[in-house]
Amino acid sequence: MTLDRRDQPLLDPLVLRELEALGADLGEDVLGEVIAAFERTAPALVAELSRAWWAGDRSAMARAAHTLRSASLQVGATRLNELARAIESEALGDVSDLAERVEVCTRELETVRAELARMVGKST
Amino acid sequence: MTAIPDSAPGLALVVDDDAAARTRARFELRAAGFEVIEAADGLAAIEAVRSRHPDLVLLDVQMPGIDGFETCRRIRSEPQGMEISILMVTSSEDVAAVEQSFEAGATDFATKPIQWSLLRHRALFLARVGGAFRRLHRTLLGLADSERRLSDAQRLAHVGNWQWLVEANQMLWSDEVRRIVGVETEPHSPTFEALLAAVHPEDRAAVEKTLQAAVSGQTGWDLEHRVQCGQQVRFVHHQGTVDIDPLTGERRVLGTLQDVSERRANEEKIRKLAFYDPLTGLPNRRMLHDRLGRTLRFAREHGRSVALMFVDIDHFKWVNDSMGHAAGDRLLSEVAQRLVNSLRLGDDIFRAGMDSSSFLSRVGGDEFVVTLLASDGPELAGKVARRILSMLQRPLSIGGKEIAISASIGIALFPDDAQSPDTLLRHADVAMYNAKAGGRNRYQFYTESLSKSADRALVIQAGLQRALRDEAFTLHYQPQVATRSGRITRFESLIRWEIPGKGLVPPGEFINIAEETGLILPIGEWVLATACRDCKAWQRQGLSGVGVAVNVSPVQLRRPEMAGLVASTLEQTGLEPHLLELELTETALLQHTKEVAATLDQLKKMGVRLALDDFGTGYASLSYLKKIPFDALKIDREFIRDLATDPGDRAIVSAIVAIAKSFGLAVVAEGVETALHERLVREEGCDAMQGYRLGMPTPLAGALKLGGLLGTTLGGEPARPRDPASRGR
């Protein structure tokens with residue numbers, strides 16, 4: 001099922017390796033800073049998704065989903081990105097999966113954050 | 001000397017409303033040598049352009065407030081705004097955005113997710129070329145420089161320039177311009193019309209519109225387009241300005257043309273890599289997505305149907321695991337080849353509909369998707385599916401071994417089943433899982449009922465199959481504590497299934513489905529083996545004598561091989577039989593056939609313990625207790641919950657304990673959650689208890705820790721071997 005793509009990784013190791021490699025090139029904690037930027041924005045975006053869903057504000061949903069797509073892409077959160085993409089494209093249409101997607105999105109974010117935190121904890 | 005200086009690339013401005021994306025861009029551009037500033041929206045970007053004069057702007061299209069297009073237009077209308085290279089970032093599925101970007105005056109565009117390895121070079125190139133253009137323009141504007149030096153510089157940079165005096169309609173082309181548009185050798189009279197005529201027919205209208213607008217508005221332009229040079233198509237970067245002769249008031253248009261075909265060709269190569277699967281050479285998931293959207297639009301406009309077929313290789317993981325990845329890869333390549341052969345056009349099944357076409361892609365490990373465009377989708381899909389199944393069935397030799405393969409195919413149809421690519425894929429996926437559940441090596445059309453009534457069950461079933469394959473189950477252990485000693489007697493193993501992102505699936509929700517589909521057999525086998533192995537492990541880690549309880553489903557119990565399975569598991573794990581307790585429910589015993597009796601008898605003879613689970617909730621027939629050699633009886637939590645307040649429950653518990661004792665059974669109280677429960681249960685004479693009061697179900701590591709702890713601290717009157725005061729009692 002699209003909502004449950006277990007075959008897709010939670011975090012794309014390729015993206016994370018790219019960030020680490022870039023950090024190594026520059027001698028800076030690129031991965032950490034990208035994750036920090038993600039932490040600053042993603043939770044608010046997911047909260048905005050739920051709010052907009054309950055308020056029936058589909059265009060606000062599409063906007064939040066669009067930015068979430070970008071944010072999740074940066075940390076390689078493949079499934080979250082896919083969810084956000086689906087929400088963005090369906091927000092303005094007439095599709096009944098939205099409620100479930102938003103819910104899954106909320107849970108998925110928590111999983112991503114936990115995993116990122118675990119990873120950063122491990123690397124420092 | 002080259003026309004493109006190797007100086008520092010300069011200042012880059014990153015404009016994006018997503019902080020994480022800005023952060024990434026900042027580091028990437030810094031790695032390319034840029035100094036980087038950021039803006040979170042369009043207005044801030046324009047402010048930064050005014051105050052900092054960046055050489056390059058990386059501009060996200062979709063932002064709250066004024067969007068990227070508008071921001072781009074406004075930057076261009078700033079003084080010196082024409083000199084900035086603006087790279088627009090669009091989302092990949094928004095084709096119109098590319099055109100809009102150029103209309104708004106963008107120099108170039110990139111799609112998200114950004115291929116940074118590529119974009120870094122392009123950004124450098126744009127910033128440097130931007131500088132070269134600026135110098136060229138100044139040179140052309142009548143400042144002193146010799147013809148020869150200019151011409152050399154142009155040749156090296158593949159940059160040509162042209163000049164057009166609008167009022168006099170006089171035009172001059174440099175040699176490089178003549179080379180780029182392909183009129184190098186022939187005599188040629190340069191005109192504005194001739195320049196437009198050289199533009200690729202598909203780009204001509206847009207280029208003409210932009211140039212006309214620039215001329216009449218006395219602004220500049222900056223675009224990339226194609227040039228038709230004989231049979232060859234070239235990509236050029238075309239920039240220019242319009243200025244007014246202060247003496248005559250006549251307009252002079254200055255343009256530069258740079259051949260960027262080579263760069264484009266490299267980009268195309270990289271794009272190919274991004275859209276194709278390197279193993280099989282087939283288009284990948286990304287390409288399918290792109291293609292499917294367009295196929296559906298075409299089908300809608302032309303009244304065609306589309307059949308989407310999800311082809312999943314049966315038991316692929318087995319090949320990969322047992323024969324190695326190289327063998328798995330060979331298998332996939334072979335499957336890809338057979339699929340290609342199955343879809344060859346021009347033979348009988350495709351002959352009926354000459355207007356049909358097919359598209360094959362590999363979307364995941366062992367998953368392929370066939371897209372069929374036809375006037376009669378369902379019929380063709382059925383034929384193709386049958387052919388694929390028969391072609392895959394031919395034996396296959398890998399590493400000297402002959403193996404048989406098969407596939408399960410799910411088919412969803414447009415417009416009947418779904419309207420969007422996503423839904424179509426999902427429905428085909430559901431149908432595929434149904435084909436798997438139906439016994440594999442078959443195809444299944446999607447029907448609404450699959451999705452509606454059976455959806456939940458199907459999803460769970462599909463998930464269970466994957467969970468088994470991916471080993472996504474875990475066992476948690478909940479302690480049973482002896483009421484008298486306070487020691488743990490055994491742990492009950494409880495299966496847990498967690499779907500990442502969706503949390504735990506309650507056993508009540510999936511066990512039924514596992515039983516209906518027979519999946520309970522492999523799952524039960526896994527549980528038994530894991531529990532025995534874990535129990536053996538904690539024997540070694542100091543919890544010797546602490547047993548394990550395993551729940552057995554009625555479906556398992558009816559299998560004639562059940563006793564044999566238990567025996568071989570015990571043998572393999574080296575666990576002593578008396579440490580294993582099998583918990584049976586009353587339901588399991590409803591069909592108390594001769595076979596079941598024989599199984600229980602064999603288990604008993606092996607020395608395995610048997611417990612009657614959830615006692616009191618089912619038929620509670622005392623005859624079981626007489627017929628079956630149970631060792632223990634577990635009182636259902638329902639009777640424990642209100643033990644303190646409901647005298648009826650208390651009476652029942654007293655009766656159960658009395659009966660159990662008369663049969664010589666140990667009594668275990670379930671659902672002991674409070675101190676009061678614990679006290680009452682002890683008063684009633686239960687031998688052991690289980691519940692949150694004594695310990696939540698936890699993973700093995702937690703259980704081991706709890707085991708160390710509980711032996712001395714919890715549960716009524718624990719034995720305290722280290723406490724000298726207790727020795728005298």
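**A pocket and its surroundings**

Twelve nonpolar, twelve polar and ten charged residues make up the lining of the second largest pocket, where Ala, Val, Leu, Ile, Met, Phe, Trp, Tyr, Cys and Pro count as nonpolar, Asp, Glu, Lys and Arg as charged, and the others, Gly among them, as polar. The model is predicted, with local features needing pLDDT of at least 70 and side-chain atom pairs pLDDT 80 or more, while totals for chains, interfaces and linings use all residues. Residues are numbered from 1 along each chain as its sequence is written, chains are lettered from A and ligands numbered from 1 in the order in which they are written, and side-chain values use heavy atoms, leaving out hydrogens and water.

Of the 34 lining residues of this pocket, B:L494, B:P507, B:I511, B:N551 and B:D613 lie nearest its centre. Elements of chain B that each supply at least two lining residues include β19 (488-499), α19 (507-517) and β23 (609-615); helices (H or I, at least four residues) and strands (E, at least two) are DSSP runs, numbered from the N terminus.

Chain B as a whole has 30 helices and 26 strands. Of its 729 residues, 52% count as buried, meaning under 20% relative accessible area, whereas exposed means over 50% and partly exposed in between (1.4 Å probe, protein chains only).

In chain A, the residue A:E103 lies in helix α5 (residues 98-123), and A:E103 counts as partly exposed because its relative accessibility is 45%. A:E103 and A:V46 are 57 residues apart in sequence, and their C-alpha atoms are 9.5 Å apart in space.

How values were computed:
On a 1 Å grid over the protein atoms alone, a cavity is a set of points where a 1.4 Å probe fits but cannot get out, and a pocket is an open set with protein on both sides within 12 Å along at least five of seven lines; lining residues have an atom within 4 Å of a point.
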